[in-house]
Amino acid sequence: MRIPDVAESTPLGRMLPQSVRRRLENLTDNLNTVLAVQNPRVMAQMAPSAVRGLFLKVGRRGEPVAMQAGHAALFDFAYPSNSPEMRALYAKAKKLQWDAARDVDWSVSVDPHDPAVPLLPEDFIAWDVIARYAPRVTPEDRRDVIHAVSAWMLSQFLHGEQGALFAAAQVTEAVPSMDGKLYGATQVMDEARHVEVFHRYVTTKLERLYDINDNLFTIIDSLMTDGRWDMKFLGMQIMVEGLALGAFGMFRKVTKEPLLADILRRVIQDEARHVHYGVLALREHFTQHLSERERREREDWAFEVAVLMRNRFLAFELYEERFGASMNWAQWTEVMEHSPGMNLFRTQMFSRLVPNLRDIGLLTPRIMPHYERMGLARYFEGRSALQLGDAET
Ligand SMILES: [Fe+2]
Ligand SMILES: [Fe+2]
């Protein structure tokens with residue numbers, strides 16, 4: 001079922017003031033996002049977060065947000081050490097700590113409009129599609145849009161890092177393995193550093209911080225409030241971190257700005273360790289300790305979140321700010337779908353995520369046809385975090 005956009009498709013809708021039309025179109029689009037979730041159990045699990053994120057827009061009110069976490073903090077006074085791989089990861093993580101204030105050269109000056117040092121290449125965006133709806137875009141406007149797209153993406157990275165910081169803290173309490181808890185503490189520190197470094201970069205170098213995207217808020221809210229440790233792990237360590245790792249890799253590959261490239265190189269090294277940890281912890285749990293019904297529920301959940309991230313990361317906040325007056329949401333979606341940079345971004349995200357889902361047992365013949373329909377079959381045999389292992393960490 002799909003609800004039509006009455007603001008754009010009916011004569012009465014088109015008579016409404018533009019601000020009301022934009023609000024109606026966003027409401028319709030968010031309703032369609034919720035209706036697109038095919039699995040009723042997944043829909044029920046995500047519904048409260050979707051209401052807060054997509055409809056009440058709690059993340060964009062400019063005030064602190066309370067998310068009620070319901071997990072159990074698990075103590076073990078016998079201190080068992082039974083995971084040598086996790087122990088090795090902990091030892092490595094302690095050695096590879098870096099200081100975001102001291103080790104990064106913040107004296108590098110950044111001019112987001114300098115064509116000689118672009119944050120992202122100009123052809124990141126489908127200008128030919130934009131020209132159909134907004135014909136009077138100048139070269140200076142283009143540079144400003146690239147600045148805005150970069151700031152929007154890095155702002156989402158920053159908000160994701162805040163989610164990762166709190167999720168890592170929760171997981172450290174809740175994970176059963178003592179080796180996992182010790183490792184988890186290093187991740188909490190890593191994520192704090194990532195919040196520090198991205199916040200400093202977007203506010204002092206790009207001087208532009210965007211609100212959290214409603215869909216990202218919904219996913220984070222759903223993870224924070226789910227009491228099951230393995231769902232937090234799956235959501236944060238595999239889905240959000242895996243997708244972020246792909247996004248960071250894409251950004252690092254195309255940016256010509258040296259300070260950002262250096263920051264991303266450092267963050268990628270940490271994130272690869274986090275995904276590796278997630279795969280180690282979940283591989284055993286999913287394949288040995290869950291019933292088939294519980295495993296299937298996670299398989300469906302992971303797929304729905306993957307769809308949400310693929311289809312919904314469309315820079316709505318940017319559209320609202322820059323192009324809300326010259327095109328409608330469907331036209332902006334067309335721009336995003338044809339933008340080479342956004343396509344590279346999506347490709348990179350899934351090239352990392354799909355092999356990791358395979359390694360933790362969530363890519364079975366039952367769900368594979370769904371990923372195939374999304375054009376993701378080419379990643380079924382890709383290299384996972386475990387196979388990449390030392391190459392990245
Ligand atoms: Fe991080
Ligand atoms: Fe992380």
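Let's start where two helices touch: Asn30, Thr33 and Val34 in H3 meet Ala50, Leu54 and Phe55 in H4. This is a predicted model, and the contacts here give us a handy way into it. Step back to see the two helices as a whole: H3 covers residues 18-35 and H4 covers residues 40-55, and their axes come within 11 Å while crossing at roughly 160 degrees. Because an angle over 145 degrees counts as roughly antiparallel, H3 is roughly antiparallel to H4. The crossing of this pair is right-handed.

Now look further along the chain for another pair. Helix H7 (residues 139-174) packs with helix H9 (residues 214-225) at an angle of about 0 degrees, and their axes lie 10 Å apart. That angle makes H7 roughly parallel to H9. On the H7 side, the contact involves Gln156, His159, Gly160, Gly163, Phe166 and Ala167. Leu216, Ile220, Leu223 and Met224 are the partners from H9.

Next, turn to the nonpolar residues. The largest nonpolar core has 94 residues, and Val149, Leu154 and Ala302 touch the most other members. Helix H10 (residues 229-254) gives the most to this core, contributing 14 residues. Which residues does Ala302 contact, leaving aside its neighbours within four places in sequence? They are Leu234, Met239, Leu357 and Leu362.

Finally, how confident is the prediction? The chain averages a pLDDT of 89, and 98% of the residues score at least 70. Confidence is highest in helix H8 (residues 178-205), at a mean of 97, and lowest in helix H17 (residues 385-388), at 74. Where pLDDT is low, the predicted coordinates should not be read in detail.

Key. Residues are numbered from 1 along each chain as its sequence is written. Chains are lettered from A and ligands numbered from 1 in the order in which they are written. This is a predicted model: local features need pLDDT of at least 70, side-chain atom pairs count only at pLDDT 80 or more; totals for chains, interfaces and linings use all residues. pLDDT is the predictor's confidence in each residue, from 0 to 100. Helices (H or I, at least four residues) and strands (E, at least two) are DSSP runs, numbered from the N terminus. A nonpolar core is a set of buried Ala, Val, Leu, Ile, Met, Phe, Trp, Tyr and Cys residues joined through C-beta atoms within 7 Å. A residue is buried if 20 or more other C-beta atoms lie within 10 Å of its own, exposed if 12 or fewer, and partly exposed in between; C-beta atoms are placed from the backbone. Two residues are in contact if their C-beta atoms, placed from the backbone, lie within 7 Å. Axes are lines fitted to C-alpha atoms, for helices over the stretch in contact, and angles run from 0 to 180 degrees between N-to-C directions. Angles under 35 degrees count as roughly parallel, over 145 as roughly antiparallel, 65 to 115 as roughly perpendicular and the rest as oblique. A crossing is left-handed if the near helix is turned anticlockwise from the far one by less than a right angle, and right-handed if clockwise.
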